[in-house]
Every structure is written in structure tokens, then in C-alpha cells.
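These are my notebook entries on a structure that I examined element by element. I set down each look-up in turn.

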Amino acid sequence: MAPIKIGYWDIRGLAEPIRMLLKHLNIEFEEKRYGFGNESEASFPNLDEWLAEKFTLGLDFPNLPYLIDGDFKMTESVAILKRLARANGMIATTEPALSYSEMIEAMIIDIRNRLINVVYAENLGTPEEFEQKLVALREPLETSLGQLEAFFQKHGSQWVAGNQLTYVDFMAYEYLDWYRVFAKSTPIFEKLPKVSDYMKRFEELPSLKEYIASDEHRSVGCLSPFARIGHRWVKE
Ligand SMILES: N[C@@H](CCC(=O)N[C@@H](CS)C(=O)NCC(=O)O)C(=O)O
């Protein structure tokens, strides 16, 4: 049987939790990574490579990322993660773990979107104004991370669903990791021992340790070149 195919831009973005989950599960998969054109041309960045295929793939809701598994095709990053998680024991099945992990899933998406809304905003303002908007992200981030720290403290859990690693951890790790680039040299997790341990625990997973340390993961931008920052980024 042909391996699962994942289509996405040639960035980490919304596909990285899916890629990491597949690697963790040791599931063979093929990737179609769409480029943004030639960086030396005035038309860069452009969507041409993706747009040439977008409506030819038989997707009900054409978008990126997509998953093609034989005749089965779908989009929506979280739905793709959940399909893979359900099939491979990577989703909580008991209460309250399921409710807690779904709560954190939604909270992590909110944290991620606050950043996305700033860096992809149509009116980015002057570099100074943009810098101020990035600084303004710190307060809500610190509040959310402080709450996550307290959650781990209160529940004594290793992962968001207790002691079971689930697909939500793949989202949480990736989207919290994006903030390391935007925080520049100012540490964001160091004051939070539980959250720091959580990030480290994920990075140390034997299934992912090598990948997370590799250039394949570290040197690829988190975001597309349409974002003011986050496209060209090498993790320190
Ligand atoms: N809710 C969707 C959002 C998908 C989305 O916004 N994809 C962006 C990249 S992050 C894209 O460029 N889609 C291609 C398109 O709109 O044609 C998901 O989570 O998968």
C-alpha cells in the first residue's frame, strides 16, 4: 500500500506537529512540500506551485496541510492529527484526561494565533511599531504559560493528558517553541520549571530527539515568507 502523503509548504507551520507525530509513530510517509518561488525574483513569495495543484487533488476543502491515504483525502491540521491519533492510541480515552487535553489544545491554538495575527497582519506598521506589538505579546503569553505551569503543578502530570503522550503534546511543543524565536534572547520558559521540563521531556523523546536536533527541523522556518519574521530562522 502506498504510504500516507502529507502536503504543505516547505516550512514547519501547521504541518510540523503532524510530521512529528508520524515520525514518533514510525509511520512511513511521503511529503509534498510546496515552495514560494525563486527568492531572487520580484514575484517572490508566490503561491503558484500550490495553486497549480490546489483544485486538482480531489480535496473537499482544498487547503494546506492535506493528508492523502489511499482513496481517503482530508485537510484541517487538527482533524488530521486526531485521525492519526485515534488510529494509533495517541488520544486520551478517559475522563478527565480527554477534557483537560482538549481544553489545552484550544488554549494552545489561542496562544499560537495571537502570534500569527501580529506577524501576518496586513498593516505591520513601522519596524518600531511592529517591535512594540511583539513586546505586547509577552504579557498574555506569560499569563497563559503561568497557568500552564500551575496546571502541571496541580495535576502532577507529565503530559497534558496526564501520563499519556497524546497528539495535543505535539501541538503544544511546536507552537510554544515558535515563541522562542520571537522572544529573542529574553528567556520565556526558564522561570517556569514545569513548562521547561515539559518542553525538554518532549525534545528528549527517543523517537524524536534526533529529528528535533536535526537541520531538517531546526533550520526550516516556522512561518511563511509572508510573515514579517519567522521564515528564515535557525534555532539557537
Ligand atoms: N484551519 C486550517 C488552516 C489552514 C491554513 O490556513 N493554511 C495556510 C497555511 S498555514 C495556507 O496557506 N493554505 C493554503 C490555501 O489557503 O490555499 C488548518 O488548521 O489546517
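Entry 1, the sheet. In what order do the 4 strands form the open sheet? I worked from a predicted model, and I read the order as E2-E1-E3-E4, with mixed pairing. I then looked up the edges: strand E2 (29–34) and strand E4 (72–75) each have a single partner strand, so one side of each is left without a neighbour in the sheet. From one strand to the next, I noted a twist that averages 15 degrees.

Entry 2, the pair E3 and E4. I found that strand E3 (residues 66–69) pairs with E4 in the antiparallel sense, over 4 bridges. I followed isoleucine 68 across to E4, where its bridge partner is lysine 73. Next I looked for what packs on the sheet, and found helix H3 (residues 77–87), which touches strand E1 (4–9), E3 and E4. The direction of H3 makes about 135 degrees with that of E4.

Which residues surround the ligand? I listed Tyr8, Trp9, Leu14, Trp50, Lys54, Asn63, Leu64, Pro65, Glu76 and Ser77. I then checked polar atoms. Tryptophan 50 has a polar side-chain atom 2.8 Å from an oxygen atom of the ligand. For serine 77, I recorded 2.6 Å between a polar side-chain atom and an oxygen atom of the ligand. Glutamate 76 has a side-chain N or O atom that lies 2.7 Å from a nitrogen atom of the ligand.

Entry 4, helix H4. I looked up the span of helix H4 (residues 97–119): its 23 residues reach 33 Å from the first C-alpha to the last, close to the 33 Å expected at 1.5 Å a residue. I also noted its buried residues, among them Ser101, Ile104, Glu105, Ile108, Ile109, Arg112 and Leu115. As a reminder to myself, an α-helix has 3.6 residues a turn, so residues three or four places apart point the same way.

Leaving aside neighbours within four places in sequence, I found tyrosine 198 in contact with Phe152, Gln158, Trp159, Val160, Asp169 and Ala172. With aspartate 169, I recorded a polar contact of 2.5 Å between the two side chains. Lastly, I looked along the chain to arginine 218, 20 residues from tyrosine 198, and noted 19 Å between their C-alpha atoms.

Terms used. Residues numbered from 1 in each chain as written. Predicted model: local features only at pLDDT ≥ 70, side-chain atom pairs only at ≥ 80, totals over all residues. Heavy atoms only, no water. Pairing = 2+ DSSP bridges. Axes fitted to C-alpha atoms, helices over the stretch in contact; angles between N-to-C directions. Contact = heavy atoms within 4.5 Å. Expected span 1.5 Å × (residues − 1). Buried < 20%, exposed > 50% of the residue type's maximum accessible area, 1.4 Å probe, protein only. Near = heavy atom within 4 Å. Polar contact = N/O pair within 3.5 Å; in protein donor to acceptor, adjacent residues only side chain to side chain.
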